[in-house]
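Thanks for coming. I will go through one structure today, and I will keep to what can be read from the coordinates.

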Amino acid sequence: MRKVSTGFVYFFGALGGLLFGYDTGVISGAILFIQKQLHLGSWQQGWVVSAVLLGAVLGAAIIGPSSDRFGRKKLLLLSSIIFFVGALGSAISPEFWTLIISRIILGMAVGAASALIPTYLAELAPANKRGTVSSLFQLMVMTGILLAYITNYTFAGFYTGWRWMLGFAAIPAAILFLGGLVLPESPRFLVKQHRDNEAEQVLLNMNKGDNAAVQIELGQIQEQAAIKSGGWSELFSKFVHPALIIGIGLAIFQQVMGCNTVLYYAPTIFTDVGFGVSAALLAHIGIGVFNVIVTAVAVAIMDKIDRTKMLIGGAVGMGISLFIMSFSMKFSGESHVAAIICVIALTIYIAFFSATWGPVMWVMIGEVFPLNIRGLGNSFASVINWGANMIVSLTFPPLLDFFGTGSLFVGYGVLCFISIWFVSKHVFETRNRSLEEIETTLREKETEATVATTGR
């Protein structure tokens with residue numbers, strides 16, 4: 001096996017997150033020009049925006065589980081090809097249906113990346129660095145969103161600018177494919193394929209030659225890999241039940257706490273304050289820069305603070321920020337000060353999300369599932385996350401019309417505080433524990449549940 005620096009592995013392993021962020025963020029600017037040139041009605045515009053979400057559900061459901069059979073690396077390479085095809089297809093689409101199909105293809109790569117990358121990074125990183133390494137995925141997502149904002153602003157003055165906006169994603173997709181060719185396979189997958197010597201070499205590389213640590217970790221992996229690969233029945237078994245609850249719960253709460261709706265509403269708030277359209281776009285870039293900085297801080301502290309504490313602290317900060325933002329929105333039309341408070345509260349909300357629920361959710365769903373169904377479990381949680389994303393995105397406009405901005409964001413704030421109960425009751429700590437130790441915790445919980453039910 002060719003020796004590759006750990007920094008290279010972590011960068012290219014997480015690079016799919018940049019495409020994830022770019023392709024979900026760029027449409028917010030591109031749709032303004034697409035609807036004029038392709039003469040789209042409102043429902044057609046909705047489908048152009050939502051097609052990626054539909055594709056993401058399909059990609060997470062189909063490609064994610066395949067990684068248990070074909071390996072994380074091969075599917076990551078396949079995802080980069082799908083990213084490339086979807087980006088170019090979107091850029092050259094002559095009419096509505098070609099664009100929709102291209103966007104669905106692109107979405108499949110986005111969904112596949114969300115299911116594959118957290119698992120791949122979690123399986124490569126040493127236990128004491130796993131949180132930091134896994135959260136690089138979210139940092140790449142936020143960087144991709146920022147890149148989309150900058151690209152939107154750059155090409156806004158061109159008649160065919162939307163084609164360049166959408167097509168630009170083909171460049172990092174090609175880079176991801178080339179870098180992916182020399183990435184190592186996951187050592188957990190290699191052991192499952194009885195390629196223990198290759199797995200040992202990967203572990204030695206990722207642990208910087210610490211042979212004693214590698215032998216301990218390799219022994220644990222071999223013990224877990226001896227368990228027969230499972231399927232859907234295993235995923236829904238009593239043994240996996242605690243991990244499944246964590247995966248589903250975190251995936252849903254991350255969306256229903258309003259993260260995407262707040263980000264979508266940000267430009268409107270800036271214009272309400274009195275910014276012009278150009279200034280609002282620049283301010284949006286400023287939010288994107290702030291997002292990346294806060295996420296980078298989260299990456300740095302991920303292995304220093306318990307995951308559960310980050311989730312609870314983040315939910316408190318997000319909930320309070322939403323309440324303040326909702327109250328201020330009711331008076332923003334009458335008071336310039338109230339509008340400014342809205343912007344500040346929105347910025348604080350984004351800071352808490354980017355530092356906690358944004359990265360921690362993806363880190364934990366890559367950690368909690370057992371080795372024999374890790375790809376399937378991560379895929380299932382990703383499908384739930386994208387499904388929740390789609391539902392929240394589709395219901396936001398009618399709910400906004402019915403409740404109004406002030407009351408609607410209060411509802412999202414309430415869900416933030418409900419998530420605190422969920423984390424406290426159902427989420428166990430994973431920081432500084434090997435994946436095999438986490439799997440042992442699941443078996444202990446199964447034993448405890450059996451004793452509680454049968455009395456023996």
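Predicted model: local features only at pLDDT ≥ 70, side-chain atom pairs only at ≥ 80, totals over all residues.

Let me start with Glu 123. It sits in helix H6, which covers residues 96-124. Is Glu 123 buried or exposed? Glu 123 has a relative accessible area of 0%, so it counts as buried. What does its side chain make a polar contact with? The partner is the side chain of Arg 72, at 2.8 Å. If we set aside the neighbours within four places in sequence, the contacts of Glu 123 are Arg 72, Ser 186, Pro 187, Arg 188, Leu 371, Arg 374 and Leu 435.

Next, helix H15, residues 241-256. It has 16 residues, and at 1.5 Å a residue they should span 22 Å. After H15 comes Gly 258, with a positive phi near 90°.

Now compare helix H13, residues 211-225. Its 15 residues should span 21 Å, and the end C-alpha atoms are 20 Å apart, which agrees. The buried residues here are Val 214, Glu 217, Leu 218, Ile 221, Gln 224 and Ala 225. Where do they lie around the helix? They cover an arc of only 125° around the axis, so they are on the same side of H13. Ala 212, Ile 216 and Glu 223 are exposed on the other side.

On to the aromatics. There are 13 aromatic pairs in the structure. One of them is Phe 96 with Trp 97, an edge-to-face pair with 4.9 Å between the centres and 70° between the planes. Phe 96 is buried, at 7% relative accessible area, whereas Trp 97 counts as exposed at 54%.

A second pair is Phe 236 with Phe 380: the ring centres are 5.6 Å apart and the planes are at 85°, so this pair is edge-to-face. Why does the pair tie together parts that are apart in sequence? Phe 236 is in the loop between helix H14 (232-235) and H15, while Phe 380 is in helix H21 (residues 374-426), so the parts it joins are 144 residues apart in sequence. Phe 236 is partly exposed, at 47% relative accessibility, and Phe 380 is buried, at 17%. There is also an aromatic cluster formed by Phe 20, Phe 137, Trp 362 and Trp 386.

Last, the backbone angles. His 194 is not a glycine, yet its phi is positive, about 65°. His 194 is in the loop between helix H11 (187-192) and helix H12 (196-206), and it is exposed, with a relative accessible area of 71%. Asn 432 is not a glycine either, and its phi is positive at about 60°. Asn 432 is in the loop between H21 and helix H22 (435-454). At 41% relative accessibility, Asn 432 is partly exposed.

That is what I have for today.

Key: Residues numbered from 1 in each chain as written. Heavy atoms only, no water. Helix = DSSP H or I, 4+ residues; strand = E, 2+ residues; numbered from the N terminus. Buried < 20%, exposed > 50% of the residue type's maximum accessible area, 1.4 Å probe, protein only. Polar contact = N/O pair within 3.5 Å; in protein donor to acceptor, adjacent residues only side chain to side chain. Contact = heavy atoms within 4.5 Å. Expected span 1.5 Å × (residues − 1). Arc of directions from axis to C-beta. Phe/Tyr/Trp six-rings, centres within 6.5 Å; stacked < 30°, edge-to-face > 60°.
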